[in-house]
Amino acid sequence: MRITAEEKLRAVLEYMDDSSSITKICKKYRKNKSDVQYWINLYKRFGEAPFTGLQAKRVYSREEKLKAIKEVMSGRVSGRQKALELGSPNPDVVNDWIDLYRERGESAVQQSRGRKKYMVHEDRQRYLADK
């Protein structure tokens, strides 16, 4: 089940306000512990920015992607750690780049905007209506 950025922020704030434990948040939002911990770490590092619409429009340059791919493939950091360093609201984004790199090579890694398929259905409908 996908949840919106607003719901992720709400979950983090519940935890930060000491009103809920990670276990309760996991049950309430039907997410696993590692996802909730990722959101909390993202919030602690960058504040609310990754959970707002502005961050969703973040564009990663080709060079940035290739650097991240090489760091993860060298074993210095995990894909999740690198995604956190980049401030990505999606902890799997770097691993997606690595999969693309392995499947189609370095030339397939290009600068691009966020993929529409990552949008929650309601956000996608708004995007298409505005377009």
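Q: Leaving aside neighbours within four places in sequence, what is Asp 35 in contact with?
A: In this predicted model, Asp 35 is in contact with Arg 80 and Pro 91 (heavy atoms within 4.5 Å). Local features need pLDDT of at least 70, side-chain atom pairs count only at pLDDT 80 or more, and totals for chains, interfaces and linings use all residues. Residues are numbered from 1 along each chain as its sequence is written, and side-chain values use heavy atoms, with hydrogens and water left out.

Q: And is Asp 35 buried or exposed?
A: Asp 35 has 14% relative accessibility and therefore counts as buried, the cut-offs being under 20% relative accessible area for buried and over 50% for exposed, with partly exposed in between (1.4 Å probe, protein chains only).

Q: Where does Asp 35 sit?
A: Asp 35 is in helix 3, where a helix is a DSSP run of H or I with at least four residues, numbered from the N terminus.

Q: Switching to the core, which residues touch the most other members?
A: Val 36, Trp 39, Phe 51, Val 94 and Trp 97 do, within a largest nonpolar core of 29 residues; such a core is a set of buried Ala, Val, Leu, Ile, Met, Phe, Trp, Tyr and Cys residues joined through side-chain atoms within 4.5 Å.

Q: Which helix gives the most to this core?
A: Helix 3, with 6 residues.

Q: What about Trp 39, what does that touch?
A: Not counting residues up to four places away in sequence, Trp 39 touches Ile 3, Lys 8, Ala 11, Val 12, Lys 31 and Phe 51.

Conventions
Helix = DSSP H or I, 4+ residues; strand = E, 2+ residues; numbered from the N terminus.
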